[in-house]
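Good morning, colleagues. Please look at the sequence and the structure as they come up on the screen.

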Amino acid sequence: MLGFLPPVVRGVIAFLLLVINTLFWCSLVFVFSLVKLVLPFAAVRQRIDPVLNAIATAWIACNSGWMRLTQRTKWDVQGVDALTYRGWYLVNANHQSWVDIFVLQHTLNRRIPMLKFFLKQQLIYVPVIGLAWWALDFPFMARHSKADLRKNPALRGQDRETTRRACEKFALVPTSVMNFAEGTRFTADKHKSQGSPYRHLLKPKSGALALALEAMGAKFQSLIDVTIVYPEGVPSFWDFLCGRTARVVVRAREVPIPPSFAQGDYVADSVFRGKFHRWLAGIWAAKDKEIDALMPPGATPSVTPAETVQTDA
């Protein structure tokens, strides 16, 4: 509707609408979260959590509203119509930009239970929204360097315990647990430094997915694997607000989760860990090929063939 306005003007309007929308719905989240904090009982949580999720779902729906108002983005989405708004799902996607979060919320909202993301611990300090994520039980994960882990192996158990506690809460109310398996946003420099065997993806980290399965057992119906492509180039968040993202391509597919994955010990059992790595590597290889197919002819690939390092998955 406002597509005739200059991009910067649309960006300012979109940002103001996002802020107003966030402040309004977050104030309601905080009120109901106080009730849950004062009365930390499972029976109370089972009644309050659906209300909090409904508030967050309304926030996402209103975000979709200002997107339609201020942008002329063409959405090419397939694979979401068969999803059901019940039960528990594990959701996985490639990660290129902060825009990915809005894309996932826009395309999956009210098609599956609300997405709960694994977040970097530092994001709890983001004004307003960081506190809202905490109130909605988003798990905040610490990031430890390999050097830190060598010095203090006990740090490996922190994220496992965080995941276990979060998933205990998720098990009470239908939830979609979302994880970016790459662990960080894709860049050519990161791709080169880790020697990724994929053209468009970083190596996947399987720990968070495996620990979520370990914590929630057979609750998950399936893994929803989402592939996000920006054919005209990965946008910054400001570009997205300004409506400079001409087209977004999203493909979703349900992947069965082997029943044995709900019973294995990812940390202690090296055989199980290897099996899980191979399963995720297979999904990642298929995703890489899919991105190749979705990129327009003549588009610049994420990395050139010469930069792609071939290694065993």
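I shall speak about the salt bridges in this structure.

This is a predicted model, in which local features need pLDDT of at least 70 and side-chain atom pairs count only at pLDDT 80 or more, while totals for chains, interfaces and linings use all residues. Residues are numbered from 1 along each chain as its sequence is written, and side-chain values use heavy atoms, with hydrogens and water left out.

Side chains of opposite charge can pair when their charged atoms come close. How many salt bridges does the structure hold? There are eleven, a salt bridge being a side-chain nitrogen of Lys or Arg within 4 Å of a carboxyl oxygen of Asp or Glu.

Let us begin with R247, which pairs with D76 at 3.2 Å between the closest N and O atoms. R247 belongs to strand β8 (residues 247-255) and D76 to strand β1 (residues 74-78), so this bridge ties together parts 171 residues apart in sequence. Strands here are DSSP runs of E, at least two residues in length, numbered from the N terminus.

The closest N and O atoms of R253 and D225 are 3.6 Å apart. Is D225 buried or exposed? D225 is buried, at 1% relative accessible area, whereas R253 is partly exposed at 35%. Buried means under 20% relative accessible area, exposed over 50%, and partly exposed in between, using a 1.4 Å probe and protein chains only.

Finally, K36, R45, D49 and D137 are joined in a network of salt bridges.

Key
Helix = DSSP H or I, 4+ residues; strand = E, 2+ residues; numbered from the N terminus.
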